[in-house]
Amino acid sequence: MRFHLIIVLVIMMLAEIGPSLAAHESGKVGPYVVSFDVNTTSQYKVIVDLPTNGTTSDGAKFTRYYLSVDGDDGYASIILTGYEKNMSAGIDANKDVVTSALKALGGTDSKINPSTVGVDSHQAVLGSCKYPTGEQIFIVSYSPDAVPFNGTYIGKTDCRFVSTYSWDVTRNMLGTLHVAVPK
């Protein structure tokens, strides 16, 4: 009888702990391998869309790859831009990316974090705003292949992360985000 009671208690504890565990996601997005944890108990699906091509205003060709996490309690998007040549990947360049994205969203109460944040062992810029619907949106930009060059950083890849998930879920995704860049 005592043995059965212990088994029932263990099963009840596992049932409570199980949904709170973060789900690990990993897979190819174009030539990149992306991994992160989704720390939410709500339903979500990961979608990889077809890439698009373009050219910057100064003539650099690029290919853009898209991954989204569409859930019951939020939405996140990882946009990877692979350039044909090295581009500026320092804090100022990432701040410009975040500022442009905040303006494009048309949100209110736009803020750029006064200090850099660490994502995937790289310096990143974090910004946020409120969307007209009242949702808080977080935007992060960094370069997963940035290397020092003449007092700044350069890289061929830009990673932009946009999230309407709560700050706790967003922070966990950012804290576990890893982008493996092909050599």
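Residues are numbered from 1 along each chain as its sequence is written, and side-chain values use heavy atoms, with hydrogens and water left out. Because the model is predicted, local features need pLDDT of at least 70 and side-chain atom pairs count only at pLDDT 80 or more, while totals for chains, interfaces and linings use all residues.

**Stop 1**

Select residues 44–55, strand β3, together with residues 61–71, strand β4. Strands (E, at least two residues) and helices (H or I, at least four) are DSSP runs, numbered from the N terminus. β3 and β4 pair in the antiparallel sense over 10 bridges; two strands count as paired if DSSP finds at least two bridges between them. Within this pairing, Ile47 stands opposite Ser68 of β4. Next, select Gly59: the hairpin of β3 and β4 has five residues between the strands, and Gly59 takes a positive phi near 90 degrees there.

Pick Asp70, whose bridge partner in β5 is Tyr75.

**Stop 2: the sheet β1-β2-β12**

Display β1, β2 and β12, an open sheet of three strands in that order, with antiparallel pairing. The edge strands, each pairing on one side only, are β1 (23–29) and β12 (178–180). From one strand to the next, the twist averages 15 degrees; axes are lines fitted to C-alpha atoms, for helices over the stretch in contact, and angles run from 0 to 180 degrees between N-to-C directions. Strand β2 (residues 32–38) is linked to β12 by three antiparallel bridges. To inspect this pairing, select Ser35 and, opposite, His178 in β12.

**Stop 3: helix α3**

Now select residues 167–176, helix α3, which lies across β2 and β12 and runs at about 140 degrees to β2. Which residues of α3 are buried? They are Val169, Thr170, Met173 and Leu174, where buried means under 20% relative accessible area, exposed over 50%, and partly exposed in between (1.4 Å probe, protein chains only). These residues cover an arc of only 130 degrees around the axis, so they sit on the same side of α3; the arc is that of the directions from the helix axis to the C-beta atoms. The buried residues of α3 pack against β2, β4, β5, β7 (117–119), β9 and β11 (152–163), contact meaning heavy atoms within 4.5 Å.

**Stop 4: aromatic pairs**

The structure holds three aromatic pairs. Rings of Phe, Tyr and Trp (its six-membered ring) pair if their centres lie within 6.5 Å; planes under 30 degrees apart count as stacked, over 60 as edge-to-face and the rest as tilted.

Select Tyr32 and Tyr65, an edge-to-face pair with 5.7 Å centre to centre and 75 degrees between the planes. Tyr32 lies in β2 and Tyr65 in β4, so the pair ties together parts that are 33 residues apart in sequence. Tyr32 is buried at a relative accessible area of 5%, and Tyr65 counts as buried at 15%.

Finally, select Phe138 and Trp167, a tilted pair with 5.0 Å centre to centre and 45 degrees between the planes. This pair links distant parts of the chain, 29 residues apart: Phe138 is in strand β9 (residues 136–142) and Trp167 in helix α3. Phe138 is buried, with a relative accessible area of 10%, whereas Trp167 is partly exposed, at 31%.
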